[in-house]
Amino acid sequence: MIYKLLWADDEIELLNGHIIFLKSKGYEVTTVTNGLDAVEACKNETFDLVLLDENMPGLSGLETLIQIKEILPATPIVMVTKSEEEDIMEEAIGSKIADYLIKPVNPNQILLSLKKNIHKKEIVTEKTNSAYQQNFGKLGMQISESLNIEDWIDVYKKIVYWEFELESADDSMHEMLQAQKSEANSMFARFIKKNYMNWMGSDRSERPMMSNDIFRERIFPLLDRGEKVFLIVIDNFRYDQWKVLANEIGGMFAIEEELYTSILPTATQYARNAIFSGLMPSQIKSMFPHLWVDEEEDEGKNLNEEALIETQIARYRRKDSFSYNKVLNSSAADKYLDTINNLSGNNLNILVMNFIDILSHARTESMMVRELASNEAAYRSITHSWIRHSAITRLFKYLADSNYTVIITTDHGSVQVNNPTKVVGDKNTNTNLRYKLGKTLNYNPKEVFEVKEPAKAFLPAPNISTSYIFATGENFFAYPNNYNYYVSYYKDTFQHGGISLEEMLIPIITMRPRGK
């Protein structure tokens with residue numbers, strides 16, 4: 001491919017050596033000696049980059065820059081000038097120039113600027129593809145050798161890193177990474193099957209931090225040190241989505257990043273209630289039966305969160321003053337922020353945000369949303385748009401100017417499902433696609449993680465013969481009745497409740513305003 005350059009300079013004849021050099025590198029160079037001719041050239045022809053002298057007779061370089069930007073808004077413009085005056089630099093940068101070069105320039109300076117502004121994407125893509133190919137074997141070996149939860153957290157972080165790095169890569173790279181991610185989820189499911197029930201019978205020193213540990217291990221110690229805490233729980237918030245948020249707010253806060261392990265099922269009714277109560281689900285039902293809602297009941301499953309927080313604070317004989325709020329949409333968030341100063345007297349403020357979970361469900365139910373979030377990268381992009389244009393940005397700006405220690409976490413993540421696995425249950429079996437509980441479940445035990453004694457996993461059992469099964473990897477449960485329709489409707493959707501890196505290894509972030 002031949003790239004076309006426009007170079008405008010009233011002393012263009014003195015730059016003949018530079019132009020010959022660029023032509024030898026395969027560039028086609030058009031030259032003009034003034035701003036008016038540069039503008040006219042841009043009206044008649046499209047250029048890949050414009051080199052523009054700042055000091056020309058007639059239209060100045062800055063005036064020419066403005067007019068060219070109106071004609072070719074996406075074309076990078078490099079200002080070339082003898083002037084080192086700060087105000088000219090600032091005005092040029094404010095006009096969104098691509099680069100600023102001080103005369104005399106040598107050919108390699110110009111070539112570097114061209115590589116940065118024309119070839120950057122292809123160079124970065126090529127280098128990234130090469131780097132991933134070199135690391136492919138190492139990551140594969142690490143997946144096969146991971147023996148503990150810290151190993152798996154490291155594997156998952158590396159997979160997410162490469163997902164971001166390879167967003168602009170060709171399809172073959174995406175296929176390689178997706179295959180490696182599927183392999184990792186398969187091996188992770190084996191790890192969970194082998195260890196999860198042992199964790200349930202262990203004290204905290206012998207298992208990872210889990211949902212019911214969050215307040216005791218991350219919130220209460222901060223309050224004990226006299227810090228005021230603002231806890232934000234973003235429902236269904238994955239680690240890769242956290243990395244998107246981190247890019248937006250990282251300049252405001254000093255950040256400590258951790259991943260912890262969600263309990264099973266990785267669903268709000270279980271995991272978030274465990275966070276707020278500090279108890280496992282069966283313990284909630286036993287100790288506070290009026291605050292637990294069984295699967296078959298029509299009542300909302302997460303309506304008692306504030307009361308559960310109260311029970312945890314009381315159980316530890318604490319006197320913390322706290323607020324609890326939940327926002328479901330932007331207008332509710334705006335109203336919350338308009339009154340946020342009223343919460344300053346509390347030691348602990350808790351906010352639950354539901355946008356990501358709503359997006360996940362909307363993607364299942366709406367073909368339009370499914371098109372907009374067609375893959376993992378697009379799903380992250382919608383998250384990014386929400387972060388940038390919603391009240392959450394205003395919230396973090398407020399918190400950056402406050403004296404709060406901010407904790408961001410979630411109850412579970414979600415996984416993109418593709419593989420149906422058949423299950424048969426009676427009419428009382430729950431509807432979740434990633435976990436089932438019932439007394440007459442029929443399934444292939446090789447395709448699931450089964451818990452036949454729920455009490456040992458601290459799970460409620462509505463009936464004496466109740467068992468739980470969990471989907472692994474990219475699997476989802478489908479009923480034999482109307483099977484083809486069911487599979488086509490739910491295939492390629494984001495679901496939660498089961499076992500995968502994305503659902504179980506989830507962020508808990510501690511942030512403090514910079515400089516405070």
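1. Let's start with Thr493: apart from neighbours within four places in sequence, Thr493 is in contact (heavy atoms within 4.5 Å) with Arg363, Thr364, Arg370, Val415, Gln416 and Val417. Thr493 is buried, at 0% relative accessible area (buried means under 20%, exposed over 50%, partly exposed in between, with a 1.4 Å probe and protein chains only).

2. A word on what you are looking at: this is a predicted model, where local features need pLDDT of at least 70 and side-chain atom pairs count only at pLDDT 80 or more, while totals for chains, interfaces and linings use all residues. Residues are numbered from 1 along each chain as its sequence is written, and side-chain values use heavy atoms, leaving out hydrogens and water.

3. Now find the open sheet of five strands, ordered β2-β1-β3-β4-β5 with parallel pairing. Strands here are DSSP E runs of at least two residues, and helices are H or I runs of at least four, numbered from the N terminus; two strands pair if DSSP finds at least two bridges between them. Because β2 (28–32) and β5 (99–102) are at the edges with a single partner strand each, one side of each has no neighbour in the sheet.

4. Look next at β4 (residues 77–81), which four bridges join to β5 in a parallel run. Val78 stands opposite Asp99 in β5.

5. Which strands does α3 touch as it packs on the sheet? They are β3 (49–53) and β4, and the direction of α3 makes about 170 degrees with that of β4. Angles run from 0 to 180 degrees between N-to-C directions, and axes are lines fitted to C-alpha atoms, for helices over the stretch in contact.
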